[in-house]
Structure formats: structure tokens, C-alpha cells
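Subject: Structure handover

Hello,

Here is the structure I promised you. Please open it before you read on, and keep it in view while you go through the notes below.

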Amino acid sequence: MNKKIRRSGAKIMASLIVLLGSLSWVMLFAVINGTIGQLLALGVTLFGSIGVAKAIGGDILMPYWAIIFCAVGCGVFRGLLRYIEQYSNHYIAFKLLATLRDKIFGALRVLCPAKLEGKQKGSIIAMITADTETLEVFYAHTISPIFIAIVVSASVLVFVGTFSSWYLSLVAIAFYLLIGIVVPIIASGKLKESGVEYRKEFSSFNAYFLDSIKGVKDIVLNNAGEVRKAEVDRRSDVLLAETKKMKHEITKSSALTELMVSCAILCTLAVGIVLVGAGKLEIYRMIVGVVAVFGSFGPVIAVSALPGNLTNTFASGDRVLDLLAEKPVVQEVISGKDIEYKNLDVSNLFFSYDGNVQVLKDICLNAEKGEIVGIVGESGCGKSTLLKLLLRFWKKGDGKIEYNGTDVDEINTSSLLDNVTMVSQTTYLFDDTIEENLRIAKADATTDEIEAACRLASVHEFIMTLPDGYQTKVGVMGDNLSAGEKQRIGLARAFLKGSELILLDEPTSNVDSINEGIILKALKEQKNKKSIILVSHRESTMAIADRTYRIDGGVIKEEQDGRKN
Ligand SMILES: Nc1ncnc2c1ncn2[C@@H]1O[C@H](COP(=O)(O)OP(=O)(O)O)[C@@H](O)[C@H]1O
Ligand SMILES: [Mg+2]
């Protein structure tokens with residue numbers, strides 16, 4: 001799995017441009033506008049110098065009024081084209097950001113939940129927010145400057161060569177290459193390093209900070225505030241140091257660029273003077289040529305300033321491309337079979353997360369409607385893993401998992417999730433009303449259906465005691481909902497969803513015995529209509545099971561005294 005090879009800058013750029021798709025036409029339009037705009041900007045100074053050349057007796061045919069008209073015209077149109085260029089660039093950038101966010105969420109959805117178990121949530125949030133923002137810079141301010149610099153420089157070289165002297169063009173091209181390519185390459189090595197380090201620290205700081213806020217109660221309870229604060233300070237200092245390092249590198253490279261531009265101006269002027277002195281160039285042609293070269297560094301400087309943004313952009317692009325390229329452990333099944341759950345049959349099932357340690361070995365188990373099947377076993381023996389395989393969150397190894405005789409890999413994912421649901425150790429409640437929290441199980445549920453599900457889960461009475469009943473905001477209740485109440489809402493969700501097979505992964509391990517009693521009673525009352533698989537490491541919970549399996553060291557055995565009732 002350690003395939004962490006960094007893509008090259010060119011590869012990242014190419015892949016990001018491919019993501020543009022049909023927007024590339026807008027990009028082309030922006031680039032053309034930008035190029036003409038830059039040439040017009042140059043035109044303002046150029047016509048100025050032509051005016052001066054005419055004044056000192058140069059052989060210029062244009063009348064003064066035409067020269068002034070052209071200079072002013074260039075200025076006005078420059079403004080207009082600049083507006084159109086910026087407009088199209090940002091149109092692309094923001095359109096693309098929307099698409100990109102959509103793709104990231106899409107990728108997260110298919111990677112979910114298996115691949116996301118190991119990923120820090122902070123870094124995902126960083127990716128969705130900061131990384132896509134950084135890519136905006138790439139699409140709006142990177143591609144067009146490069147094209148503009150190439151076209152504008154080439155035009156200036158040809159103009160100066162034909163009107164003035166090819167020697168001046170030669171000096172100009174040498175400095176274009178130095179400023180636009182050599183300096184950025186020298187700078188980019190260091191910048192890339194510091195950019196990657198900066199992003200790493202930034203995302204690690206974010207993740208740690210977010211984690212601390214989430215766990216603030218436990219930090220206070222353990223009186224660990226000082227230690228935690230010291231660590232936040234330390235990480236903040238490291239981040240600051242990385243930021244300084246990066247800014248320092250950026251400043252150094254822009255200083256080098258400024259120096260080069262000054263040298264370029266001096267050299268061009270010197271060569272111009274030498275040519276005039278040697279009688280090879282008329283003075284007015286020298287003035288126009290030198291002014292054209294002076295005015296032409298803007299686009300090249302814009303390119304040389306890119307590495308500062310680009311290193312960040314590449315690091316962001318790399319991460320986003322990584323995520324988009326990541327293969328989910330299971331592919332969504334869409335052209336398989338739909339089922340209507342009747343029974344489950346697991347035979348000779350093997351599973352390993354990493355290909356080395358066998359978590360489950362030769363598991364055989366079956367479940368029918370109308371019974372509660374219990375699974376017990378020490379913590380870490382693979383109970384939750386088995387349930388995740390039943391839901392196809394992970395891809396099973398050898399062996400079979402069959403619903404009504406159809407292999408789980410051949411059942412449409414959406415049908416599988418309609419038929420099978422899981423209530424786990426903790427139920428996550430969204431910051432919304434109780435009703436909306438229930439509704440995620442069935443978006444179009446009627447109020448009656450919601451209340452009926454809550455009655456079955458023995459949580460209706462409790463909800464009615466809340467200030468606004470079903471409309472009570474969970475956020476307002478904060479931590480005032482007990483784990484038991486939350487679990488009962490989780491159970492109500494499962495009932496509302498109407499799945500025929502309900503998997504329960506230690507649903508009562510965090511709740512008090514009163515709530516455990518309520519939950520187990522609710523399950524027992526439902527057992528005739530449903531198939532229930534109840535996982536627990538507590539023997540007491542198993543009292544309601546009709547049959548019990550025990551997992552030990554990855555091997556499963558049905559308990560002989562299992563048939564109760
Ligand atoms: N996403 C995962 N990647 C790798 N190993 C895992 C993952 N999830 C669980 N495990 C390992 O698989 C074993 C079984 O875990 P689990 O099924 O959660 O046990 P149980 O639910 O019985 O307590 C444990 O050793 C656990 O560390
Ligand atoms: Mg577990």
C-alpha cells in the first residue's frame with residue numbers, strides 16, 4: 001500500500017488541466033484575451049517611445065495625433081480585455097471548484113466507510129476547504145500567465161528584432177529564459193520542500209486542534225489541559241517556523257527576480273548604446289527597441305512569481321488527485337440483483353484486513369426471519385468485522401456470504417443497504433431536529449411512521465417530554481441526551497428504515513441497565529417480524545438470543561446450549 005510516489009509538477013499540471021474538460025474553451029478564450037491585453041499594455045509605452053523617436057527626428061511616418069490616439073486606445077482596450085480575462089479565469093476557477101468539491105465528495109462516498117477508517121478527519125476537512133481553495137489559484141492565475149508570457153515575449157522579440165536590432169532581441173531572450181525559467185527552477189526546489197512541509201504541519205495542526213475541541217470534556221476531566229495546551233503551542237510554533245521558512249524562500253526568489261530585471265535593463269541599454277556608437281543602429285530605433293524590452297518583463301515576472309503559489313498548488317493538487325485516484329476496497333454494485341431478505345447463510349468465510357493476519361477463519365453462520373442470533377466473543381475477536389462484511393463495507397476473502405442464496409457481491413449495494421441495517425455502539429445525531437435525525441432512515445416517512453418506529457424503540461414517550469417534542473433541536477440538547485436515549489433513537493432509525501435484517505453491534509455496551517433492558521425488550525418484541533443479529537461481549541445481553549455463536553481467535557462455534565425459549 002506504500003505507493004507514495006510524488007507526481008512531478010508537470011504531471012500534476014497536466015492532470016489538473018485534464019480535469020477542466022469542456023471548460024478548456026473558456027480557458028483558451030481567457031488566454032487569448034490576456035495575451036492581447038498584455039500586448040496592448042506594452043503598446044502604451046511603445047507608442048510613447050515612438051512619439052519620442054519622431055520628436056528627435058526619427059523616420060516615423062505616423063502623424064502625432066495617430067500616435068497619441070493609438071497610445072490612448074491601447075490603454076482603454078487593455079482595461080476592457082483585462083476585465084474579460086479576469087472574468088473568464090474566475091468563471092473557470094469557481095465552476096471548476098464546484099465540480100472538484102463534487103468529485104471529492106463523490107470519492108469520499110465510495111471510499112466510505114472502509115478506507116476512511118484510517119484517515120484523519122482533520123486532513124479530509126483540510127482537503128475539502130484549503131486544498132480546493134489553493135487549486136482556485138492554479139486555474140485562475142497559473143495557466144494563463146504561462147501562455148501569456150510565451151506569446152508576449154515572442155512577439156516582443158520579433159518586433160524588436162525587425163524594427164530595432166536582433167542583438168537587442170538576443171539580450172532580451174537570454175534574460176527571459178533566466179527570469180522565467182532558470183530562477184524559478186533554482187527557487188522551486190527549496191520552495192517545493194518548504195511548501196510540502198508547510199502543508200503537512202498545517203493539516204496536522206488542524207487535525208490536532210479539531211481533535212482537542214472534540215475531546216475537550218475528556219481533557220478537562222483528566223486535568224490534561226496544560227499538557228494539551230503545551231502541545232497546541234508547540235505545533236503552532238512548528239507551523240509558524242514552517243510558514244516563515246516558506247515566506248523567506250518566496251522573498252529570496254522574488255528578490256533574485258528583481259535583481260535579474262535590473263541587470264536586464266542595464267544590459268539592453270548598454271548593448272543599445274554600443275550599437276548606436278558603432279553606427280549599426282539609429283538612435284530612435286534604439287530607443288523604441290530598448291523601451292519595448294523594458295516594458296516586456298511583466299508577463300515573465302508573473303511566471304517567475306508562480307513557484308511560490310505553485311508549490312502549494314502542486315502539494316494540494318497531488319493530495320486531491322491521490323484521493324480521486326484511490327480505489328475503494330469495494331466497488332458499488334449497480335447492475336446486480338435486488339433482493340428481498342429471507343435468510344442469511346455464511347459459509348467457510350475467511351477475512352484479513354492486511355493480507356497477513358487472518359481476522360476471521362472459516363466462519364459458518366446462518367440467520368432466519370423470526371429469530372435473534374447472538375454473537376459473543378472477547379473484544380478484538382472480529383465481531384464488528386463480521387458485521388461489516390455482512391454489509392459489504394469490506395471485501396470478503398474466501399468463502400460465501402449469501403442472502404436468499406445470492407452472493408453478497410452480486411447484490412445491488414442499494415438493495416443490500418435497504419435490506420440490512422446496523423445499529424452500532426454509538427449513534428451519531430446530526431445537529432438538526434429529532435425528526436430530521438430519524439428521517440435520514442427514510443426521507444419520505446410520515447409523522448405516523450416516525451412515531452410508530454419510536455414507539456417500537458421505546459423512545460416516543462421520552463421524545464414527548466422534550467421542550468419541542470420531535471422538533472427539538474439535538475444541538476440545543478447537547479450532551480443532555482444520554483447514551484441510552486441516543487441508542488434508542490438509533491434503534492428507532494433501524495425500525496423506521498424497515499430493513500428485514502438488523503445488525504446490532506454492542507448496542508447496549510455504553511448504556512445503563514435500565515436502557516439496556518428497554519432496548520432488549522424492544523428487540524424481542526420485533527423478533528417475529530425481523531431477523532436480528534446481536535453482537536456483544538456481555539453474556540447478560542445474550543439472554544434474549546435464540547441461538548448464540550461464540551467467536552474465539554477468529555473461529556466461530558455455535559453454543560450447544562444456545563436454544564433458549
Ligand atoms: N480497519 C481496520 N484495519 C485493520 N485492522 C482492523 C481494522 N478494524 C479492526 N481491525 C482489527 O481486526 C481485529 C478485529 O476487530 P473487531 O472486528 O473490531 O473486533 P471486535 O468487534 O470483536 O471487538 C482486531 O484485531 C482489530 O485491531
Ligand atoms: Mg466491535
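First, a definition. Ala, Val, Leu, Ile, Met, Phe, Trp, Tyr, Cys and Pro count as nonpolar. Asp, Glu, Lys and Arg count as charged. The others, Gly among them, count as polar. Also keep in mind that this is a predicted model.

**The cavity**

How many cavities of 30 Å³ or more does a search of the whole structure find? The search finds one. The space in this largest cavity comes to about 50 Å³. Its lining is made of Arg6, Arg7, Ile12, Lys192, Val196, Thr311, Phe314, Ala315 and Asp318. Two elements give two or more residues each to that lining: helix H6 (166-214) and helix H11 (306-325). Which of them gives the most? H11 does, with four residues. Now use the classes. The cavity lining has four nonpolar residues, one polar residue and four charged residues.

**The domains**

The size of an interface is often given as the accessible area lost when the parts come together. Here, domain 1 and domain 2 bury about 340 Å² between them. Of that area, 60% is on carbon and sulfur atoms. Which residues of domain 1 lose the most area to domain 2? They are Pro113, Ala114 and Glu117. Together they make up 89% of what that side buries. The number of salt bridges between domain 1 and domain 2 is zero.

**The largest pocket**

The largest pocket holds about 1700 Å³ of space. Its lining has 37 residues. Nearest the centre of this pocket are Cys112, Pro113, Phe393, Leu417 and Phe430. Look at Pro113 again: this residue is also one of those in domain 1 that lose the most area to domain 2.

Both domains take part in the pocket. Domain 1 and domain 2 each give at least three residues to the lining. Several elements supply at least two residues each. They include helix H3 (64-111), helix H4 (121-141) and helix H13 (413-419). By class, the pocket lining has 21 nonpolar, eight polar and eight charged residues.

Best wishes

Technical notes
Residues are numbered from 1 along each chain as its sequence is written. Chains are lettered from A and ligands numbered from 1 in the order in which they are written. This is a predicted model: local features need pLDDT of at least 70, side-chain atom pairs count only at pLDDT 80 or more; totals for chains, interfaces and linings use all residues. Side-chain values use heavy atoms; hydrogens and water are left out. On a 1 Å grid over the protein atoms alone, a cavity is a set of points where a 1.4 Å probe fits but cannot get out, and a pocket is an open set with protein on both sides within 12 Å along at least five of seven lines; lining residues have an atom within 4 Å of a point. Grid points are joined across faces, edges and corners, and a volume is the space filled by probe spheres set on the points. Domain bounds come from an automatic or database domain assignment. Buried area is the accessible area (1.4 Å probe) that two parts lose on being put together, summed over both. A salt bridge is a side-chain nitrogen of Lys or Arg within 4 Å of a carboxyl oxygen of Asp or Glu.
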